[in-house]
2 protein chains.
Amino acid sequence: METKVPSLDELFSPRGVAVVGASQLERFSFGALVVESLKEAGFPAIYPVNPKYAELLGLPCYPNLQAIPGVVDHVVVSIPAESALALLDDCAAKAVKSVHFFTAGFSESGWTERAELENAMLAKARASGFRIIGPNCVGLFVPKSRLANSIGAPLDPGPIAFISQSGGHAQNLPFYTGPRGLRFSKVVSYGNGLDVDEGELLQYFAVDPETGIIGAYIEGVKDGERFLGALREATRRKPVVVYKGGITEAGKRAAHGHTASLTSSVEVFHAACRQLKTIRVDDIEEMIDVLVALRFANPVPRGNGVAVVGTGGGPSVLAGDGMEKAGLHLPRLTAEVQAELGGFLPMAGAILSNPVDATNLLFPEAISATMRVLGKVPDIHMLIYHLGFHPVSRWGGGRLSSAAFLQPAVDALLHAQKAIGKPILLALRPPPDLDGMKDFLGAQAAFVGAGFPVFHSLCQAARAMARVVAWKQV
Amino acid sequence: METKVPSLDELFSPRGVAVVGASQLERFSFGALVVESLKEAGFPAIYPVNPKYAELLGLPCYPNLQAIPGVVDHVVVSIPAESALALLDDCAAKAVKSVHFFTAGFSESGWTERAELENAMLAKARASGFRIIGPNCVGLFVPKSRLANSIGAPLDPGPIAFISQSGGHAQNLPFYTGPRGLRFSKVVSYGNGLDVDEGELLQYFAVDPETGIIGAYIEGVKDGERFLGALREATRRKPVVVYKGGITEAGKRAAHGHTASLTSSVEVFHAACRQLKTIRVDDIEEMIDVLVALRFANPVPRGNGVAVVGTGGGPSVLAGDGMEKAGLHLPRLTAEVQAELGGFLPMAGAILSNPVDATNLLFPEAISATMRVLGKVPDIHMLIYHLGFHPVSRWGGGRLSSAAFLQPAVDALLHAQKAIGKPILLALRPPPDLDGMKDFLGAQAAFVGAGFPVFHSLCQAARAMARVVAWKQV
């Protein structure tokens with residue numbers, strides 16, 4: 001007998017969360033991590049479950065689900081796989097809506113009896129009318145619902161959804177992209193995808209009004225037809241960025257051991273991405289850069305022409321080479337445009353040919369004037385300003401980190417962007433030392449705060465923008 | 001009449017340095033930067049020259065070269081190009097050995113009369129028996145001689161020589177690579193290469209006993225035959241890593257505006273590199289990674305087989321894909337080896353197939369035991385341990401940053417490397433926040449201090465090691 005299964009919307013807004021297998025705060029205790037994360041996020045009804053404790057991490061602790069006085073919609077499980085079926089009986093009795101298994105050691109282990117165990121778990125969930133997330137994953141992060149599964153990520157919601165077969169990527173992405181301005185509607189790590197899988201998630205996010213951009217890390221697809229249908233729906237409505245893991249022999253082997261994924265159809269997968277206007281990326285860094293580009297490049301550039309502005313001949317040559325290899329085009333400037341630039345940029349030690357390199361391009365007035373001249377060139381569709389954080393650049397007054405430089409620079413770029421109607425991007429190169437990192441993070445926060453897309457190198461910016469321009473032009 | 005020209009060895013150990021055009025400490029004053037750098041490095045005889053001041057930056061300041069009481073072997077020049085010839089007359093009168101022009105606006109400006117000016121300068125240098133470095137460059141950094149041209153780089157000498165047509169790369173490389181353990185014999189930024197050029201420098205470093213590894217950033221080669229001869233000599237004796245700037249149309253344009261380099265013969269250049277056992281890299285990040293690999297991979301791996309060890313399924317899949325694409329091979333482990341690993345690594349949530357991923361691979365005993373098992377596999381030629389700095393990894397005790405974790409981990413890897421006779425590499429992923437960066441820099445310092453090559457991602461490690469293995473196998 002099958003009963004009505006809860007919708008994903010219900011899963012994303014639980015009223016109470018039980019954490020089965022919560023334990024004392026110590027390394028590798030996922031249960032304790034979830035309890036602490038929920039506390040940090042301000043989730044109102046957290047119920048640690050462990051017969052060993054009466055109190056845990058400052059909260060009353062319960063011997064089992066039935067002992068919990070309040071409503072429990074969502075259960076987080078980190079007890080051994082052997083106890084999974086018995087626990088699911090408890091879940092049914094408590095009338096929960098979803099059970100998330102952090103617990104690993106199921107089908108991905110390669111043992112037949114563990115694959116059979118998964119099937120029995122799914123049957124029980126179907127019969128009792130609850131959903132399973134995982135097993136072998138870190139589950140749900142829904143900022144709006146204060147549902148958290150990690151620490152360090154910003155807790156304010158935003159328009160990005162991320163689905164991930166990897167728990168590590170699911171925990172890392174919001175943390176790593178926080179300082180670059182990305183905020184999330186929902187992040188779902190679904191591991192082996194026994195019940196909730198990539199197809200259903202993509203269907204949901206295609207029409208989720210809180211989600212404007214979808215990112216996905218996928219190792220294997222279980223139901224190809226459903227997935228492709230969902231991808232078609234999603235890509236019609238919003239940008240979808242997919243990173244497919246398990247491309248090479250060693251990657252496939254790792255993916256199989258990681259989430260029991262069979263990744264044989266790489267070519268089919270890539271062909272489907274091309275056909276369905278999906279933005280495919282090659283690694284998680286590129287995923288981050290493309291999400292930043294989609295979120296903050298304003299407007300999306302109408303072509304691949306870029307003007308590169310900043311100081312340093314070496315970086316400029318590198319920019320010319322690396323950015324053209326990455327798929328952008330640096331249009332040559334006419335003599336007239338060069339002459340106009342020469343009106344306020346010095347000749348000596350400067351390159352006025354795009355890349356435009358001059359020492360006074362550290363001064364807001366020169367930056368702004370340069371952007372306005374280049375912004376008028378028809379085949380320049382976007383402009384990028386690059387800035388390094390070498391000690392020399394913070395020497396003689398430490399200007400790059402000072403409000404006296406930053407705020408005028410931010411304002412100059414904002415006004416220039418508005419005036420020219422083309423997106424301005426930032427490439428800020430992280431320094432190797434702690435002092436420099438302070439300056440760098442301050443500058444990044446200022447530009448991100450003003451709504452600019454910030455990349456960490458010219459080539460990374462070019463790689464991401466080339467993907468976005470190609471997507472826009474399909 | 002030509003007189004004997006000083007050798008490069010004489011240029012690298014001046015007894016006194018005059019800085020012509022030194023000015024008050026302020027942004028973009030290269031003269032002031034050099035004076036401060038020399039002071040910081042402890043150079044004993046620094047003579048600022050500027051008729052406007054009697055004292056500058058805490059030192060007596062002289063109106064001209066003739067007024068300096070002591071010996072002046074080396075002159076650093078940052079006055080306008082128009083005054084260059086008159087200054088060279090002063091240099092001749094003072095019997096200096098070398099003149100470094102930071103001053104730009106010569107042949108790279110594209111103006112015919114400035115190219116002619118360069119020729120007149122060279123003629124004067126030849127007639128008077130001194131050498132010219134540049135123009136349009138940042139000149140010399142020789143730690144052993146306390147000769148410095150920037151701030152932030154370690155001042156202790158080491159076995160790396162770096163020659164660079166870009167001043168930015170010359171100043172950046174020692175600074176960026178300092179925390180990764182690279183130290184330099186001599187760094188020469190030679191700009192337009194009017195007199196001292198890439199060919200002569202390469203000839204010198206080929207036989208320089210203080211130099212074990214040569215890096216070069218080259219935009220254009222003026223004397224192809226001399227350069228190739230020097231490259232042949234150098235590559236016979238030591239590893240030579242070359243990054244050629246100006247590959248694409250935009251890169252070439254920038255290179256021409258940057259150092260007046262004509263970069264047309266890219267294919268010829270690359271063919272020569274292949275033939276002469278030169279390690280060619282595609283950007284400055286890869287230059288850094290390859291130098292780190294050459295300096296610290298111990299011994300150089302005898303093949304491209306790698307074992308990847310650490311925690312995190314997502315990173316492991318990424319590692320499998322990215323590292324194989326970069327040219328390394330992750331051999332599949334036999335059932336026997338996997339069983340041996342299973343003796344001390346958990347089954348659940350683990351991948352024992354290479355990449356090897358298990359949560360207890362954050363404990364030194366498990367790391368060491370894993371390395372020893374994998375090190376016995378014949379087609380594994382190197383082993384890499386990877387570590388992230390997500391808040392979760394420093395949660396529940398902050399182990400990764402604590403001496404309680406770091407020192408045992410370093411010792412475990414040192415002993416394992418010695419026991420297996422194959423190099424162990426580190427991939428430490430930099431975090432996006434200041435707290436994480438403190439942990440990261442502490443961990444990096446510990447591993448670098450013990451002599452390990454540290455990379456900032458698995459893929460960057462793979463890319464560099466693939467270059468080094470290919471070079472070793474030629």
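On a 1 Å grid over the protein atoms alone, a cavity is a set of points where a 1.4 Å probe fits but cannot get out, and its lining residues have an atom within 4 Å of a point. The model examined here is predicted, so that local features need pLDDT of at least 70 and side-chain atom pairs count only at pLDDT 80 or more, whereas totals for chains, interfaces and linings use all residues. Residues are numbered from 1 along each chain as its sequence is written, chains are lettered from A in the order in which they are written, and side-chain values use heavy atoms, with hydrogens and water left out.

Among the residues that line the largest cavity are Ser37(A), Glu40(A), Phe141(A), Asn149(A), Ala170(A), Gln171(A) and Pro174(A). The elements giving two or more residues to this lining are α2 (30–41) and α5 (167–177) of chain A, with helices (H or I, at least four residues) and strands (E, at least two) taken as DSSP runs numbered from the N terminus; the largest share, three residues, comes from α5(A).

Chain A contains an open sheet of six strands in the order β8-β10-β9-β11-β12-β13, with mixed pairing, where two strands pair if DSSP finds at least two bridges between them. Its edge strands, each pairing on one side only, are β8 (139–141) and β13 (279–281) of chain A, and the twist averages 20° from one strand to the next. Within this sheet, β11 (residues 213–218) and β12 (residues 240–244) of chain A run parallel and are joined by five bridges, Gly215(A) having Val241(A) as its bridge partner in β12(A).

Chain B can be laid on chain A with an RMSD of 0.0 Å by a turn of 180° and a shift of 0.0 Å along the axis, which is the relation of a two-fold axis; copies are superposed by least squares on the C-alpha atoms of residues with pLDDT of at least 70 in both. Because 100% of the interface residues of chain B are also interface residues in chain A, the copies meet through the same surface.

Definitions and conventions: Axes fitted to C-alpha atoms, helices over the stretch in contact; angles between N-to-C directions. Contact = heavy atoms within 4.5 Å. 1 Å grid on protein atoms, 1.4 Å probe; cavity = no way out; pocket = protein on both sides within 12 Å on 5 of 7 lines; lining within 4 Å.
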